[in-house]
Amino acid sequence: MGGYGDVQLLREDGSRLDGRKLDEMRPVKIEAGILPAADGSAMVTHGLNVAVAAVYGPMEAHPRKIQRQDRAVIDVRYNMAPFSTSDRIRPGFNRRSREISKVTAEALESVVLVERYPRSKIRVEIEILAAEAGTRCAGITAAAVALADAGIPMRDLIVGVASGKIEDTVVLDLDKAEDNYGQADLPVGILPNTGEIAFLQMDGDLSPDEYNLAMEYNFKAAKEIHEVMVDALQRRYQGGDV
Amino acid sequence: MPELVPSLLRQELARLAEEDARLDGRGRWEAREITLETDCLYNAEGSAKVTMGGTIVYAGVKFELRTPWPDRPTQGSLMCGAELRPVAGRKYEPGPPSPQSIELSRVVDRGIRESGCIDMESLCIVPGEKVWGVMIDIHVLSDQGNIFDACGLAAIAALRTAVVPAERFDVGEDHKLQVSSTPIMASYTRAGGRFVYDPSEEEELGGDERIHITLGDEGHLHSLQKGLKGVFTPAEFAEIFDEAQKHCVVLRKLVAKEEGN
């Protein structure tokens, strides 16, 4: 965490700078099937973040050395568009995006029924078009909806959510300022039906009690986002009201 | 497989051409549905989303302060980059920029740069010391044909709605980027032996060479590019040049409408 310390992130009345309550999430909107070229796709707008995920496959895995005899491999690329941040980022992979890609792939492998597709590959492309803290979580949520949209069998969806700590107070879903000047961030990928956790990272400083409260917030938010995910898929496949 | 499909497709495109028809039922010079939306990305100083049929492209404009080139102390700079990342389609592979994406960004860049729509002198803050670098990044999210026109349209629309973030860099007040004209690209692909406008993915797959024409407000040429294997006659060019004049007017009006002019 940045931890510059003396930036005020909570108002006198205890509410956050953008007016949210401590356990209030930024608004989340999801649309499934937005990219005609892809086998499955989704766009997640989480606050000011915009994450798009495309799924291609299952397809033949090559080069052959990446093939697994008993299951599919999931090839994830998390990428931030050059114009997604305040200062332009140079195109191409960096250490941060490689790490996020790796742990996201491992999280998705934990829910996709990869054993159904031996020797094949499922490509998941996560593109961040606008970044204001919380892009890895928005990316995971988008990837899960895109996989479902592609008709790939999964044990459960995954919901990406994060809680953190600002001014010694645990809050749900850090925005950009809270992320920059806060004290901790705890992004997780939650399986909404089983209550299991497939993605976990954390940095900063949290006491055991603060961790428990942050996790409680995360589970509450996961439930809310899950409803939005299901709604997006239903609108796509059941011709519900748009 | 990659060879077999185009050969069948080529036969079909040739048959359709004889009847002056197209795979998706369009007329030879007819475009697919086009949508344009600007100011759609929070962190970009100018942004645009373009859809042409199933093709989806985003463009974002960013600014940076830099020192001018020693031989041009009063001029800022413009850079246009296009990324063909694997998100855009099954055929795209991860890796360093492909020759195809480099061609795409350079053709878009030339059309905008050579039209002179951005006065490089207007990007000067302190001669010899501080100028603006304008960077347009184009992101193709879904390629279902004719990404060149979609990228060209997104780039100019993003530029024309861009705001120079002078306050954030502590060099004056935020102001609109000055863009004096609207260069527009129109692309034609030979499918079934004759040129068609706004080629679909199938027409590109089973087609031959493509020609990209960028025209300014007065109908003057600002960039031309012939891509892929194939030859064409001056008479064929004359025909598509005439069509390009009409097609560019349509897209320029779309940009003006989005800007609210």
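Two residues are in contact if their C-beta atoms, placed from the backbone, lie within 7 Å. This is a predicted model, in which local features need pLDDT of at least 70 and side-chain atom pairs pLDDT 80 or more, while totals for chains, interfaces and linings use all residues. Residues are numbered from 1 along each chain as its sequence is written, and chains are lettered from A in the order in which they are written.

Student: Against which strands and which helix of chain A do the buried residues of H4(A) pack?
Tutor: Helices (H or I, at least four residues) and strands (E, at least two) are DSSP runs numbered from the N terminus, and a residue is buried if 20 or more other C-beta atoms lie within 10 Å of its own. The buried residues of H4(A) include A:Leu213, A:Tyr217 and A:Ile225. In chain A they pack against strands S1, S2, S6, S7 and S8 and helix H2.

Student: Which element gives the largest share of the side of chain B that touches chain A?
Tutor: On that side, 28 residues of chain B are in contact with 26 residues of chain A. The elements of chain B giving two or more residues are strands S3, S4 and S6, and the largest share, six residues, comes from S3(B).

Definitions and conventions
Buried ≥ 20, exposed ≤ 12 C-beta atoms within 10 Å, placed from the backbone.
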